[in-house]
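Hi,

Here is the structure I promised to pass on.

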Amino acid sequence: MTIRMIARLVAPIVLCLLLLCRAGIADSSTVPFKPAHVNFPGLSTSDSSARGDRTPVILIHGLNQSRTDWRLFLGSGRASGEIRDRVKFYTFQYETHLSIDGNAAQLGEQLEQYSGSGGELAGAPIAIVSYSMGGLVARGYIERKGGASRLLRLVTVATPHHGTPLADKPWVDSAISIVLTPLNDLIRYGLNYYFGINSSTVGGQDLRCDGQGPARGRQVGYPATLNSEPLMANVGGRAFARSKYICYAGFYMDIRGRDAEFDILTPTAR
């Protein structure tokens, strides 16, 4: 076999290795976003135009939902025209049956992936709009995974910042015990079906109360971790919450008839 023949055989192999190595060390500018119409975990955007100097806004869905639940909002007039001239929307999907803390870590990893040299999110402070359980995922990223330094604003809608007693099986059993026994299972099934909370999953258990809402004696859910004293010590406590968080509606009303989530966050709308 001549040197020329060997070269012809080796050259394609070397070329393939070089391409593989290049793919393996590709910077964040070459990492594609997840398809916006496909439901699997990760960061995605349906806006193929360059971000430019627009502010990234991350949309995070709630329990038993996916990124496609934001389609109505993204297709409405509220998310078009002048707004899209100022912001670019991204959606983050996560597995709601898994731990909130793990999903918060994944959010951080995804944002970091696109924030490296040349990445679309490099150097950009972000805003987050989240619904229900997504607000706890966002807070986990901000307060426990280093996201506070790049946060412009967090908006939560119907997030159980104190947890919800509906995720606490003993509390639910106690609450419906006054009903005739034959109806208990039916009521429990109806609650699980309507609210979609499966307390047998890690994600469902994370939604249990922090002891500061109606189930005041039970401090077992992820909110208990987030709201531990000193409040949000990792990011500066109440002053940080008041300047960065905007919270709309809660999952339940406390016994005084006020929205329970505001008792601890006391946000200032800006």
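**What I found**

With a relative accessibility of 53%, Asn 64 counts as exposed (exposed is over 50% relative accessible area, buried is under 20%, and partly exposed is in between, with a 1.4 Å probe and protein chains only). Asn 64 sits in the loop between S2 and H2, and its phi is near 60 degrees, a positive value in a residue other than glycine. Helices (H or I, at least four residues) and strands (E, at least two) are DSSP runs, numbered from the N terminus.

Before going further: this is a predicted model, so local features need pLDDT of at least 70 and side-chain atom pairs count only at pLDDT 80 or more, while totals for chains, interfaces and linings use all residues. Residues are numbered from 1 along each chain as its sequence is written, and side-chain values use heavy atoms, with hydrogens and water left out.

**Confidence**

The protein chain has a mean pLDDT of 74, with 63% of its residues at 70 or more (pLDDT is the predictor's confidence in each residue, from 0 to 100). The pLDDT is below 50 over residues 1-28, a stretch with 11 contacts in the model beyond near neighbours in sequence; contact means heavy atoms within 4.5 Å. Residues 251-270 also have pLDDT below 50, and that stretch has 66 contacts beyond near neighbours in sequence. Where pLDDT is low, the predicted coordinates should not be read in detail.

Ser 44 is opposite Thr 91 in S3.

S4 and S5 pair in the parallel sense, over 6 bridges, and Ala 127 stands opposite Arg 153 in S5. The chain gets from S4 to S5 through H5, in a right-handed β-α-β crossover (right-handed if, with the strands pointing away from the viewer, the path from the first strand over the helix to the second runs clockwise). S5 and S6 run parallel as well, joined by 4 bridges; there, Val 157 has Tyr 248 in S6 as its bridge partner.

**The cores**

Which residues have the most contacts inside the largest nonpolar core? They are Ile 58, Ile 128, Ile 142 and Tyr 245, in a core of 36 residues. A nonpolar core here is a set of buried Ala, Val, Leu, Ile, Met, Phe, Trp, Tyr and Cys residues joined through side-chain atoms within 4.5 Å. H5 gives the most to this core, with 6 residues. Leaving aside neighbours within four places in sequence, Ile 58 has contacts that include Leu 43, Phe 92, Leu 107 and Ile 128. Another core, of 7 residues, lies apart from the largest one, and Val 57, Leu 59, Val 87 and Phe 89 are among its members.

**Loop residues worth a click**

- Trp 70, in the loop between S2 and H2 (71-74), counts as buried at 12% relative accessibility. Leaving aside neighbours within four places in sequence, its contacts include Leu 59, Thr 91 and Tyr 131.
- Leu 98, in the loop between S3 and H4, counts as partly exposed at 39%. Its C-alpha atom is separated by 8.2 Å from that of Gly 204, 106 residues apart along the chain.
- Ser 132, in the loop between S4 and H5, has a positive phi near 50 degrees and counts as buried at 9% relative accessibility.

Cheers

Definitions and conventions:
Pairing = 2+ DSSP bridges.
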